[in-house]
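Hi,

Have a look at it first and then read on.

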Protein chains: 2
Amino acid sequence: MNKFMKMAIDEARDGIRSGDGGPFGCVIVKDGIVIGRGHNQVVRLNDPTCHGEIMAIRSACCTIGTFDLSGCQLYTTAQPCPMCAGAVQWANIEKVYYGCNISDTDAIGFRDQVFFNSRKDISQELCREECLELFREYQSISDKTSY
Amino acid sequence: MNKFMKMAIDEARDGIRSGDGGPFGCVIVKDGIVIGRGHNQVVRLNDPTCHGEIMAIRSACCTIGTFDLSGCQLYTTAQPCPMCAGAVQWANIEKVYYGCNISDTDAIGFRDQVFFNSRKDISQELCREECLELFREYQSISDKTSY
């Protein structure tokens with residue numbers, strides 16, 4: 001089997017045996033070298049954002065000292081949820097390899113499928129003018145770092 | 001103006017003046033009390049996942065000691081990106097109030113709009129059988145915490 005996916009599975013297995021969260025492990029590779037790894041720690045850390053992909057992205061960015069993972073590949077035991085798919089985009093990750101698909105994840109009780117299909121909008125605009133003023137202040141900063 | 005949105009703006013303003021990242025601040029409220037706050041720290045922490053909403057969710061979960069923010073409202077200076085919209089779902093947040101919309105964010109150079117519209121799929125299935133074996137081990141754990 002693929003050696004990077006094996007590492008992702010091992011990472012996930014350590015996590016579920018420790019009661020950290022769901023069976024989701026992830027490694028990030030650049031130029032054939034693992035630069036980041038992580039597993040789901042939602043339960044351990046009481047943080048719904050601590051999915052395997054998020055943990056691995058954080059780890060990889062720490063390793064190479066940048067928020068830009070261009071040219072990196074991500075191996076994960078399951079197809080990324082909408083949150084993690086978004087994180088992959090922000091990180092500029094080049095390619096994602098996943099093991100189980102969204103239906104498999106649904107079958108063991110996770111809500112990814114529901115979230116992908118959800119059209120329920122719980123959001124509402126408020127104080128846009130005051131926020132636009134903030135945006136203008138940001139634009140006026142000349143030496144800022146873009147991302 | 002709404003007092004919680006004012007706090008979110010103040011949080012964002014502190015962030016941009018410190019060079020932490022974009023003009024995005026967020027507070028989370030439960031029963032009329034602020035239980036979490038955060039601002040974008042992508043640049044400061046070299047972490048593409050450190051958006052205001054993610055930081056605030058993390059902070060709120062730490063305050064009340066759970067990964068479940070049911071019954072909470074989130075106030076954010078800009079409409080959540082796909083990553084943060086996903087985090088809001090996982091956290092079971094009840095309502096989101098945002099200031100600037102996706103077009104406003106696009107106008108100051110952020111890629112949210114592109115990500116919402118992107119249909120480019122960079123993912124590929126790999127080693128599904130081995131990952132299903134991991135899923136079965138997870139299912140066999142009887143005393144696990146679901147989320």
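Five strands make up an open sheet in the order S5(A)-S4(B)-S3(B)-S1(B)-S2(B), with mixed pairing; strands pair if DSSP finds at least two bridges between them. Helices (H or I, at least four residues) and strands (E, at least two) are DSSP runs, numbered from the N terminus. S5 of chain A and strand S2 (33-39) of chain B are the edges, each with a single partner strand, so one side of each has no neighbour in the sheet. Neighbouring strands are turned by 20° against each other on average, direction ignored. For angles in general, axes are lines fitted to C-alpha atoms, for helices over the stretch in contact, and the values run from 0 to 180 degrees between N-to-C directions.

Before going further, a note on provenance: this is a predicted model, where local features need pLDDT of at least 70 and side-chain atom pairs count only at pLDDT 80 or more, while totals for chains, interfaces and linings use all residues. Residues are numbered from 1 along each chain as its sequence is written, and chains are lettered from A and ligands numbered from 1 in the order in which they are written.

Back to that sheet. One pair to click on is A:Gln124 with its bridge partner B:Tyr97 in S4(B). Further along, strand S1 (residues 25-30) of chain B pairs with S2(B) in the antiparallel sense over 6 bridges, and B:Ile28 has B:Gly36 in S2(B) as its bridge partner. Helix H1 (residues 3-17) of chain B packs on the sheet, touching S1, S2, strand S3 (72-78) and S4 of chain B, and its direction makes about 145° with that of S1(B). Helix H3 (residues 52-64) of chain B lies across S1, S2 and S3 of chain B, at about 140° to S2(B).

There is another sheet to look at. An open sheet of 5 strands has the order S2(A)-S1(A)-S3(A)-S4(A)-S5(B), again with mixed pairing. Its edge strands are S2 of chain A and strand S5 (123-125) of chain B, each pairing on one side only. Inside it, S1(A) and S3(A) pair in the antiparallel sense over 5 bridges, with A:Ile28 standing opposite A:Leu74 in S3(A). H7(B) packs on this sheet, touching S3 and S4 of chain A as well as S5 of chain B, and its direction makes about 55° with that of S4(A).

So what does the interface look like? In total, 68 residues of chain A are in contact with 67 residues of chain B; contact is counted if the C-beta atoms, placed from the backbone, lie within 7 Å. H7(A) gives the most to chain A's side, with 9 residues. By class that side has 37 nonpolar, 20 polar and 11 charged residues (Ala, Val, Leu, Ile, Met, Phe, Trp, Tyr, Cys and Pro count as nonpolar, Asp, Glu, Lys and Arg as charged, and the others, Gly among them, as polar).

Leaving aside neighbours within four places in sequence, A:Phe135 is in contact with B:Pro23, B:Cys100, B:Asp104 and B:Ile108.

Finally, chain A as a whole: the secondary structure comes to 7 helices and 5 strands, and 50% of the 147 residues count as buried.

Cheers

Notes: Two residues are in contact if their C-beta atoms, placed from the backbone, lie within 7 Å. A residue is buried if 20 or more other C-beta atoms lie within 10 Å of its own, exposed if 12 or fewer, and partly exposed in between; C-beta atoms are placed from the backbone.
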